[in-house]
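Please study the model before the discussion begins. The dialogue below takes one feature at a time, with the general idea followed by the case at hand.

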There are 2 protein chains.
Amino acid sequence: MLDMFNAKSIAVIGASETKGKIGYDIMKSLLNYYKGKIVPVNPRGGKIHGLPAYTSIKEHGPVDLAVITIPSHIIPATVEECGETGIKNIVVISAGFKEVDEEGAKLENQMVEICKRYDIKLVGPNCLGIMNTYNDMNASFSSDIAHKGKISFMTQSGAIMAAILDYADKKNIGFSRIVSLGNKAMINENDCIKDFMEDENTEVISAYLEGIVDGRGFIEASRTASRKKPVLVIKAGRTSKGSEAVSSHTGTIAGSDSAYEAAFSQCGIIRVNSLDELMDYSSALALSPLPKGNKIVILTNAGGPAIMTTDVAIRSGLELAQLTCETRQKLKDGLPETASVKNPVDVLGDASPERYAFALDTVLEDPNVDGIIYLVTPQSVTDAEGIAKVAIEHAATSEKPILCSFFGGTSFGGAEKLLAKKQVPNYLYPKRAVKSMKKLYDYSIIKDQEYPKPHEFDVDKVFVKNIIEDAKEKGIHTLGLESLDILKAYGIPTVGTSITKTVEETVKSAEEIGYPLVMKIVSPQISHKSDVGGIKLNLNNAEEVKAAYEDMMENIPKKEPEADLEGVQLQKMLSGGKEVIIGMVQDPTFGPMLMFGLGGIYVEVLKDVKFAIAPVTKIEAEDMISGIKTHELLEGTRGDEAKDIESITNIILRISQLVTDFPEINEFEINPLMVFDEGEGALAVDMRLMLKEGEINPLMAFDGGEGAVVSDKVELKED
Amino acid sequence: MLDMFNAKSIAVIGASETKGKIGYDIMKSLLNYYKGKIVPVNPRGGKIHGLPAYTSIKEHGPVDLAVITIPSHIIPATVEECGETGIKNIVVISAGFKEVDEEGAKLENQMVEICKRYDIKLVGPNCLGIMNTYNDMNASFSSDIAHKGKISFMTQSGAIMAAILDYADKKNIGFSRIVSLGNKAMINENDCIKDFMEDENTEVISAYLEGIVDGRGFIEASRTASRKKPVLVIKAGRTSKGSEAVSSHTGTIAGSDSAYEAAFSQCGIIRVNSLDELMDYSSALALSPLPKGNKIVILTNAGGPAIMTTDVAIRSGLELAQLTCETRQKLKDGLPETASVKNPVDVLGDASPERYAFALDTVLEDPNVDGIIYLVTPQSVTDAEGIAKVAIEHAATSEKPILCSFFGGTSFGGAEKLLAKKQVPNYLYPKRAVKSMKKLYDYSIIKDQEYPKPHEFDVDKVFVKNIIEDAKEKGIHTLGLESLDILKAYGIPTVGTSITKTVEETVKSAEEIGYPLVMKIVSPQISHKSDVGGIKLNLNNAEEVKAAYEDMMENIPKKEPEADLEGVQLQKMLSGGKEVIIGMVQDPTFGPMLMFGLGGIYVEVLKDVKFAIAPVTKIEAEDMISGIKTHELLEGTRGDEAKDIESITNIILRISQLVTDFPEINEFEINPLMVFDEGEGALAVDMRLMLKEGEINPLMAFDGGEGAVVSDKVELKED
């Protein structure tokens with residue numbers, strides 16, 4: 001919890017009586033509402049807005065919160081004074097820090113260090129301030145305090161705060177706490193999520209963010225918070241990629257937004273794209289009970305709008321409730337003959353408030369109904385306010401959500417005001433009521449989701465550590481097929497592979513792996529192996545292996561006299577499997593991000609893949625597989641056998657553990673993983689593992705794996 | 001043109017002085033605004049609203065328009081009277097027709113027949129009436145006339161008309177003509193599109209439709225209209241499928257909305273999904289010039305909202321204009337130091353109207369800029385009305401669109417009113433301004449699209465006619481592979497295929513077709529040919545063909561003694577091609593609808609297909625091919641050769657002609673069409689053609705093609 005929201009005394013350092021100064025506005029904002037003690041601080045002393053001004057905070061002594069609005073260069077010294085005085089909470093409104101230049105960034109760091117030394121919590125700098133409507137505290141330079149309500153809101157843009165407050169005032173939308181985050185030098189979104197989660201006056205947590213300071217912390221905070229209260233986030237702006245070049249499919253496909261999309265979905269965040277959606281959904285979530293399911297009734301006084309509303313409902317993933325016979329009979333008995341008693345329930349253009357009330361009562365009682373869209377259009381006889389009152393009365397006691405759409409304009413002014421005043425969600429357009437209902441339903445599912453701790457497999461971590469340390473030492477950046485042992489150490493089955501240097505070794509290895517085999521020459525100088533006869537397919541016995549080996553050693557030097565022939569690689573040829581890719585890239589915000597997709601054109605052309613931030617749970621791994629559009633191809637279609645999805649899940653979980661255990665892995669990919677029929681497992685055929693540049697011995701750094709040892713699957717299939 | 005909109009005299013048949021009667025409301029609506037002659041008609045005579053009432057229309061004589069609001073059962077007689085009196089335009093407000101029951105439908109038909117006899121044009125029945133703001137005519141029972149404006153609107157739902165009018169009144173959105181279409185007994189959407197297109201006061205044609213009476217007419221009317229004025233349509237409600245069962249992939253995949261989607265796109269209709277979009281886009285299109293391109297500038301006084309706006313712009317398919325060096329220098333010189341002179345141009349939170357004006361002037365002059373999003377957020381010093389006036393002044397003369405988003409609430413009330421009054425498009429949320437800008441851009445492209453007459457190939461229509469007549473005669477419903485000749489007659493290359501009955505014929509035919517070949521038994525009783533050895537693959541010479549034939553004739557009777565062996569089918573085996581599907585189904589509204597997609601999982605699992613209503617132009621055929629998500633697979637990826645897209649285009653056009661020439665074809669599919677590398681053509685391997693049930697000799701009707709002759713491609717590949 002952030003104590004600052006409950007401050008009983010607030011100092012305004014930089015308080016002013018000069019209109020146009022921020023120190024003037026802040027004093028005004030506080031004086032207008034705040035019941036606690038207000039302490040103006042200004043070196044000139046005297047009186048400010050009738051209150052005695054102190055020349056320094058030291059002169060006054062401790063307060064619960066200091067709001068600072070003085071020029072940035074003198075702020076560190078002032079923060080130091082606050083620390084000495086024993087102040088623990090500061091909001092720095094002033095700009096002139098990191099957002100300006102290097103000099104400002106230094107000032108900001110200085111300020112943060114002082115705060116840490118004194119255990120001070122700091123919001124800002126470069127922000128609009130904070131509000132807590134339940135403490136009548138408007139410590140911001142927005143002149144009006146928000147209406148009291150159940151939504152907490154944090155924003156990385158001051159202008160968005162101003163716009164939202166102005167809009168919410170017009171629509172009578174209420175807030176509990178508001179934070180303008182500014183530069184987030186100390187307090188960031190994660191602190192606010194935790195605070196809002198614990199605040200008893202907050203029912204909905206909402207945020208406008210342009211970036212996230214600590215991705216891992218964000219996932220933990222929001223995953224916990226979203227089980228208690230809905231968390232709605234606008235994430236604006238494209239994120240930039242990490243600066244290191246990518247060299248895997250995973251790296252190429254992972255767009256700038258993939259990680260946010262994955263992380264938000266994994267931690268139960270309701271992502272919204274605009275402020276209208278944010279306000280629409282927040283209002284519904286703050287004011288309405290959650291539906292038990294997705295079956296709604298559309299109650300209407302006109303056919304056309306009900307048809308459009310039905311379309312949107314179906315498209316959004318809601319369903320129209322099938323009313324029971326009893327309900328339909330009751331509606332039939334109580335409504336005029338031409339009314340429609342099927343869902344949508346049309347009470348006709350001349351419907352009175354009483355008729356709406358009767359129909360609403362009836363459908364609310366139906367056990368098949370989870371929620372109501374209460375749709376009203378302006379007809380000549382429509383008593384809009386009366387019909388609004390019906391909705392208000394029912395919403396006050398109903399355990400099912402009732403979202404209104406008074407779908408008109410001028411003639412609905414009174415009804416709209418009434419609904420806003422009584423805090424019943426109302427949307428001009430039925431579409432927005434429906435979409436809000438969908439979010440209520442979505443959140444009813446998120447709320448109950450469990451997050452078991454990811455399973456820990458018993459693996460040989462030391463073995464992998466040694467391989468990676470060795471590579472670092474030698475300055476090797478990329479590990480290829482020769483490192484399939486890494487997979488083995490993490491319990492991931494790999495196709496039989498060997499690299500051997502003599503004919504005897506090769507034959508022996510062939511016998512061990514089993515036939516048929518493919519043989520490839522190993523030589524750092526030869527990149528197009530098939531051109532020089534460096535690939536032999538379909539070797540079926542020891543004799544053929546021997547002949548192939550001898551042929552390569554004899555004939556390749558004739559074509560490539562300069563090449564060092566370091567040996568040959570044998571690999572079992574597989575058939576009957578389906579190729580999938582499992583990859584990982586490091587996201588600059590969230591760390592290791594896994595990718596799953598089907599191999600070949602599915603990844604390359606269709607980009608049909610699914611991402612998730614590691615470590616993943618079993619459910620998340622399964623969601624990755626079932627989340628691709630072409631997952632049917634794994635489940636058995638067109639007479640094909642179903643593939644071994646359990647094996648893929650298991651391998652995703654093991655890779656999740658591997659990349660979590662070794663953060664120095666920058667990119668990783670198994671491509672392909674051959675998946676066989678259900679119960680028959682999967683085998684990694686090839687892999688690539690790239691270490692972070694910074695982790696490698698710089699003296700030795702070269703792209704060691706490329707071309708030297710790595711096979712690639714296109715070659716494997718060449719004929 | 002519909003004369004009724006310019007009526008100089010209007011009779012209200014069923015006029016009333018009793019409040020609550022529709023005849024009362026209509027009189028009021030007219031009296032409030034209309035300058036022409038108003039003639040109340042009521043059998044009781046006397047005076048109505050101070051005007052002398054006639055006991056019948058005959059008593060008065062002709063008027064330009066009669067509005068009828070009497071009980072439905074006496075309407076036919078009254079319409080007859082109108083006809084006798086020489087009245088040519090009627091609006092029937094009354095309900096009680098087709099929408100109620102059989103009896104009502106009969107009344108409606110009776111009424112239509114009378115109208116046809118007297119050459120009367122009739123709107124309704126069961127509607128709200130019509131308006132023409134430029135004739136001060138409100139012949140509806142909506143009490144207020146719309147504001148004058150440039151949007152014409154037709155609606156199949158009276159409630160939507162009421163809601164829109166109420167909303168538009170609040171937002172000061174103006175209309176020219178409004179039609180409540182009702183049951184569309186005579187005047188339908190096509191008549192209104194034509195009328196609105198020609199009306200000089202209309203700049204934007206808009207519609208809310210639940211169905212379309214005459215699909216072909218609709219395509220023609222809206223294709224012509226959309227070149228002159230933007231046509232925006234909400235199509236609500238799911239359409240029902242034709243009642244005949246479907247038996248092709250095309251039929252299975254074609255969803256209820258596919259035909260609308262295809263038709264709207266082909267005729268340049270801007271499809272919208274909700275009334276807010278309809279109003280947003282209509283306003284922009286009515287009030288703003290069109291942009292020359294999709295490069296916009298976002299002019300803002302705050303960073304956060306500009307970032308969100310940028311996101312939406314990019315997602316919508318707009319681009320941020322790259323400002324010229326000159327522009328940037330000029331902005332730099334004229335704006336405060338911390339302003340952003342890159343796009344988005346941020347004139348900072350304290351921006352005055354003058355600063356907005358300077359920046360707007362500067363970016364409007366930049367040749368790289370096609371349009372402006374004028375974004376304003378409420379900051380403490382913001383002079384919203386002043387900044388609104390700047391937009392108003394510039395919008396009056398600018399040749400580039402300026403769409404405003406005054407993004408706030410209470411404090412922007414004055415600015416909003418000002419912009420609405422001066423008819424400058426303004427949107428609360430920047431998102432909606434951006435999306436409206438996108439529609440301006442979309443329409444700038446639609447406006448210039450050409451629609452050449454589809455090419456007519458020289459084909460052997462008589463030959464196909466004979467085959468089809470013959471099938472009808474024999475009661476055959478489905479034609480399969482044996483009808484590949486139909487394709488030949490339309491110039492579509494087919495793979496070599498024959499059906500023969502003796503070993504000599506078979507060998508001869510094999511020599512003609514060329515090797516390798518596949519042979520299949522032809523027998524109506526055998527459905528699983530491979531189970532009885534009825535498929536032989538890879539026949540490479542006459543001997544093998546002979547042996548295969550003899551083997552089948554000898555051994556199949558042992559397994560299937562009851563089966564009639566009618567002969568064998570030979571088909572050339574192909575390799576190296578890519579399989580595509582070209583199909584057609586009859587849509588109940590628009591007629592023959594073509595489908596294109598890649599074969600196999602692309603169609604079956606990914607449903608990656610594109611539809612178009614036939615006949616199609618060359619451009620439309622090309623769009624079908626490039627419109628599938630996997631079109632890259634035809635263009636050469638991963639080292640594959642590009643396929644012969646020109647051949648596919650050509651074949652689509654020929655099929656378009658075939659299905660247009662023979663409307664009795666109910667479904668049609670070439671599956672697969674094998675497409676070879678660029679320049680090497682394509683070959684139809686199999687086809688199916690289903691005739692409409694009604695067209696077939698009912699005595700003979702049976703599913704003649706099934707199992708009898710048709711090969712299918714799965715079998716072809718079996719081993």
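**Reading helix contacts, copies and local geometry**

Q: Which residues of helix 13 of chain B meet helix 14 of chain B?
A: Contact means heavy atoms within 4.5 Å, and helices (H or I, at least four residues) and strands (E, at least two) are DSSP runs numbered from the N terminus. From helix 13 of chain B, the residues B:Pro353, B:Tyr356, B:Ala357, B:Leu360, B:Asp361 and B:Leu364 meet B:Gly386, B:Ile387, B:Val390 and B:His394 of helix 14 of chain B. By class, this contact of helix 13 with helix 14 of chain B holds 7 nonpolar, 2 polar and 1 charged residues; Ala, Val, Leu, Ile, Met, Phe, Trp, Tyr, Cys and Pro count as nonpolar, Asp, Glu, Lys and Arg as charged, and the others, Gly among them, as polar.
The model is predicted: local features need pLDDT of at least 70, side-chain atom pairs count only at pLDDT 80 or more, and totals for chains, interfaces and linings use all residues, while side-chain values use heavy atoms, with hydrogens and water left out. Residues are numbered from 1 along each chain as its sequence is written, and chains are lettered from A and ligands numbered from 1 in the order in which they are written.

Q: At what angle do the axes of helix 13 and helix 14 of chain B cross?
A: Axes are lines fitted to C-alpha atoms, for helices over the stretch in contact, with angles from 0 to 180 degrees between N-to-C directions. The axes of helix 13 (residues 353-365) and helix 14 (residues 384-397) of chain B come within 8 Å and cross at roughly 30 degrees. Helix 13 of chain B is therefore roughly parallel to helix 14 of chain B (under 35 degrees is roughly parallel, over 145 roughly antiparallel, 65 to 115 roughly perpendicular, the rest oblique). The crossing of these helices of chain B is right-handed, that is, the near helix is turned clockwise from the far one by less than a right angle, anticlockwise being left-handed.

Q: How do helix 10 and helix 16 of chain B compare in axis geometry: what are their approach and angle?
A: In chain B, the axes of helix 10 (residues 275-287) and helix 16 (residues 430-446) come within 9 Å and cross at roughly 60 degrees. That is why helix 10 of chain B is oblique to helix 16 of chain B. The residues in the contact of helix 10 with helix 16 of chain B divide into 5 nonpolar, 1 polar and 5 charged.

Q: Is the crossing of helix 19 and helix 20 of chain B right-handed or left-handed?
A: Helix 19 of chain B passes helix 20 of chain B in a right-handed crossing. The axes of helix 19 (residues 503-513) and helix 20 (residues 542-559) of chain B come within 9 Å, at roughly 145 degrees.

Q: Where is A:Pro344 found?
A: A:Pro344 is in the loop between helix 12 (325-334) and strand 17 (345-346) of chain A, and the peptide bond from A:Asn343 to A:Pro344 is cis, with omega near -5 degrees. Another cis peptide bond joins A:Tyr515 and A:Pro516, with omega about -10 degrees.
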